[in-house]
Amino acid sequence: MAVYKLPFFLAIRVNSYKGGDMTNSLEQINKRTQWFRDARFGMFIHWGIYAIPARGEWVRSFDKIELDDYLKYMDQFDPVDYNPRAWAKAAKKAGMKYMVLTAKHHDGFCLFDSKYTDYKATNTKAGRDLVKEYVEAVRAEGLGVGLYFSLIDWSHKDFPKYKDIHSPHYKDKRFKDEKIDWDNYKNFLHKQIEEIVTNYGKLDILWFDFSYEDMYGDKWGAKEIVEMVRKYQPDVIMDNRLETSGEGFGSIVTENPSPYSGDFVSPEQILPYEGIKNIDGEDIPWELCLTMNNNWGYNANDKEFKSSKLLIRKLVECVSKNGNMLVNVGPTARGYMPKESLEILEDFGKWFDKNSESIYGCGKAKDLPKPDWGYYTQKDNVIYAHIFEAPIGPLPLIGLDKDEIDYMAYLYDGSEVTVSDSWVIKAYDKLTFAQIYPGSSTCQLPDDTDTVIKIVLKNNN
């Protein structure tokens with residue numbers, strides 16, 4: 001993942017592709033992403049030999065570790081507890097609909113059996129293709145299969161060192177006069193991507209990471225990458241990072257998206273305050289990716305995990321703004337998920353058991369302002385009121401007319417919620433209120449995390 005603050009990638013900085021026979025219209029993007037926008041919730045997994053030093057996936061860059069010194073972690077890598085079926089079951093139970101695994105991160109180590117490097121899992125004590133096992137496990141649980149692939153490779157002799165701001169050897173004088181063959185690196189990059197899209201059956205998501213400074217678009221040969229990917233995986237969806245980073249949108253929001261603009265925007269560690277739209281005001285698919293604690297890869301000392309309540313509420317907020325959420329887990333070097341992560345996933349599962357219909361297939365509630373007490377989501381003629389904060393008295397249903405409402409019920413148990421006729425609301429005759437505390441004034445919600453009311457509207461068409 002990108003962790004440095006980079007110059008903002010304005011849409012005008014990206015050269016929209018013109019000419020050729022490749023197009024990437026919003027209509028095509030929406031068609032490819034329909035399942036993705038219905039799913040709304042997925043799991044990111046950052047895992048590799050960086051789990052052994054256990055200081056995050058950028059450890060080689062941050063600590064300026066020499067490649068020869070870093071290779072010792074490859075020799076030590078022995079994930080005896082690796083069980084991707086258990087990962088997939090945990091994701092499914094949590095309510096997630098798809099998973100994305102780091103097949104290769106910036107350090108260049110491959111969890112798959114690449115023909116173009118010896119720097120791979122098959123040459124460790126694991127002795128096998130770990131991506132293959134992951135793909136089979138995720139598919140067996142009926143989840144969408146996603147693979148992350150870094151455009152950066154610090155292990156390759158022809159990837160920039162001295163001049164590259166992310167390299168472990170940035171400004172290292174030993175490499176000041178380095179001579180690299182960029183075409184050789186680009187060919188290597190394309191060949192490995194081809195392996196990813198041809199060796200594992202149908203993929204649902206291909207998550208590239210990431211572009212920065214002059215390293216974007218044509219520098220990667222992005223048009224050729226997308227042509228090749230579409231040849232083998234015509235329906236796969238891709239993020240926007242062939243031309244930008246987590247803090248930019250790229251040409252997908254312009255009038256002329258490039259062939260490599262991607263199918264969704266990928267904000268990182270920040271939730272867009274009103275969703276993401278293009279220059280014409282049309283909604284663009286997007287997905288917030290975020291960590292459970294402060295690191296993507298396993299960090300043994302990072303115990304600052306976000307609360308389940310916060311993460312569930314942020315998922316609701318994403319959906320209310322027509323977005324997805326991809327929550328990360330960083331497994332240990334042995335291959336199991338930290339207990340704190342599993343506890344959060346269990347809490348998600350308990351909430352989804354009762355409230356899943358307010359997330360799947362849902363999006364922004366049309367023409368309704370955000371209420372003070374939480375958020376609305378909507379699917380067809382059903383509005384879901386997600387109540388985070390208990391009101392004093394009846395709940396104001398801002399934007400809804402009582403004559404539009406067919407019936408209301410708590411989602412967790414199906415019990416009726418009525419339109420309020422209390423005397424305390426008489427001064428607000430233009431507003432509709434839900435009587436959520438019948439016969440009680442305790443102001444306690446059934447679920448302190450998020451109590452959901454299902455509001456079915458009359459079909460007046």
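## Helices H7 and H8

The crossing of H7 and H8 is right-handed, a crossing being right-handed if the near helix is turned clockwise from the far one by less than a right angle, and left-handed if anticlockwise. Helix H7 covers residues 182-198 and helix H8 residues 222-232, and their axes lie 10 Å apart at an angle of about 20° (axes are lines fitted to C-alpha atoms, for helices over the stretch in contact, and angles run from 0 to 180 degrees between N-to-C directions). That angle makes H7 roughly parallel to H8, given that angles under 35 degrees count as roughly parallel, over 145 as roughly antiparallel, 65 to 115 as roughly perpendicular and the rest as oblique. The helices (H or I, at least four residues) and strands (E, at least two) named here are DSSP runs, numbered from the N terminus.

On the H7 side, Leu189, His190, Ile193, Glu194, Val197 and Thr198 meet Glu224, Ile225, Met228, Val229 and Tyr232 of H8, where contact means heavy atoms within 4.5 Å. By class, the residues of this contact are seven nonpolar, two polar and two charged; Ala, Val, Leu, Ile, Met, Phe, Trp, Tyr, Cys and Pro count as nonpolar, Asp, Glu, Lys and Arg as charged, and the others, Gly among them, as polar.

## Basis of the values

The model is predicted, with local features needing pLDDT of at least 70 and side-chain atom pairs counting only at pLDDT 80 or more, whereas totals for chains, interfaces and linings use all residues. Residues are numbered from 1 along each chain as its sequence is written, and side-chain values use heavy atoms, with hydrogens and water left out.

## Helices H9 and H10

Helix H9 (residues 308-320) packs against H10 at an angle of about 55°, with the two axes 9 Å apart. This makes H9 oblique to H10, and the crossing of the pair is right-handed. From H9 the contact draws on Ser308, Leu311, Ile312, Leu315 and Val316, and from H10 on Glu343, Ile344, Asp347, Phe348, Trp351 and Phe352. These residues divide into eight nonpolar, one polar and two charged.

## Helices H5 and H6

For helix H5 (residues 84-93) and helix H6 (residues 130-140), the axes come within 8 Å and cross at roughly 35°, and the crossing is right-handed. Pro84, Arg85 and Ala88 of H5 meet Glu133, Tyr134, Ala137, Val138 and Ala140 of H6, a contact with six nonpolar, no polar and two charged residues.

## Largest pocket

The largest pocket holds about 340 Å³ of space. On a 1 Å grid over the protein atoms alone, a pocket is an open set of points with protein on both sides within 12 Å along at least five of seven lines, a cavity is a set where a 1.4 Å probe fits but cannot get out, and lining residues have an atom within 4 Å of a point. Grid points are joined across faces, edges and corners, and a volume is the space filled by probe spheres set on the points.

Of the 18 residues that line this pocket, Arg37, Arg40, Asn322, Gly363 and Lys364 are the closest to its centre. Helix H2 (34-39) and strand S8 (374-379) are the elements that give two or more residues to the lining, and H2 supplies the largest share, three residues. The lining comprises three nonpolar, six polar and nine charged residues.

## Cavities

Three cavities of 30 Å³ or more are counted, and the largest cavity has a volume of about 120 Å³. Among the 16 residues that line the largest cavity, Asn293, Tyr298, Phe305, Gly330 and Pro338 are the closest to its centre. Strand S7 (324-329) and helix H10 (339-355) are the elements that give two or more residues to this lining, which has six nonpolar, seven polar and three charged residues.
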